[in-house]
Amino acid sequence: PVLYGMTIEIWSYIKNMIKSEIAGAKWGKDMQWGIRLMQDNQITEALKYFEQAEEFLSINWFNGIKGS
């Protein structure tokens, strides 16, 4: 769908930028960038693998201790 010549994705991006600017003004730069990063495709994709990475590390750390 197109709204005023802009797609929903563009409106979503604009909304996120406005939201992050307001958060930055109220709570500081950390909150501003936290909000911006939550819409970043690379960040959201990477976050999906944190649980899997934690499990992998805990298993391999345990096996390394056991094998010593």
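Predicted model: local features only at pLDDT ≥ 70, side-chain atom pairs only at ≥ 80, totals over all residues.

Residues are numbered from 1 along each chain as its sequence is written, and side-chain values use heavy atoms, with hydrogens and water left out.

The accessible area of the chain is about 6100 Å², with 65% of it belonging to carbon and sulfur atoms (Shrake-Rupley method, 1.4 Å probe; for residues, only the protein chains shown count as cover). Of the 68 residues in the chain, 10% are buried; buried means under 20% relative accessible area, exposed over 50%, and partly exposed in between (1.4 Å probe, protein chains only).

Next, select residues 8-27, helix H1, and residues 29-37, helix H2. Their axes are 7 Å apart and they pack at an angle of about 160° (axes are lines fitted to C-alpha atoms, for helices over the stretch in contact; angles run from 0 to 180 degrees between N-to-C directions). H1 and H2 are therefore roughly antiparallel, the label for angles over 145 degrees. On the H1 side, the residues making the contact include Met17, Ala23 and Trp27, and on the H2 side they include Met31 and Ile35; contact means heavy atoms within 4.5 Å.

Zoom in on Arg36, in H2. Is Arg36 buried or exposed? Arg36 counts as buried because its relative accessibility is 17%. Show its side chain together with that of Ser20: the two make a polar contact at 2.9 Å (a pair of N or O atoms within 3.5 Å; within protein, one must be able to donate a hydrogen and the other to accept it, and residues adjacent in sequence count only if both atoms are side-chain atoms). Not counting residues up to four places away in sequence, Arg36 touches Asn16, Met17, Ser20 and Glu21.

Hop across to Asn16 in H1. Asn16 counts as buried, at 11% relative accessibility. Leaving aside neighbours within four places in sequence, Asn16 is in contact with Ile35, Arg36 and Gln39.

Last stop: Tyr13, also in H1. Tyr13 counts as partly exposed, at 47% relative accessibility. Draw a C-alpha distance from Tyr13 to Arg36: 9.1 Å, for residues 23 apart along the chain.

How values were computed
Helix = DSSP H or I, 4+ residues; strand = E, 2+ residues; numbered from the N terminus. Parallel < 35°, antiparallel > 145°, perpendicular 65-115°, else oblique.
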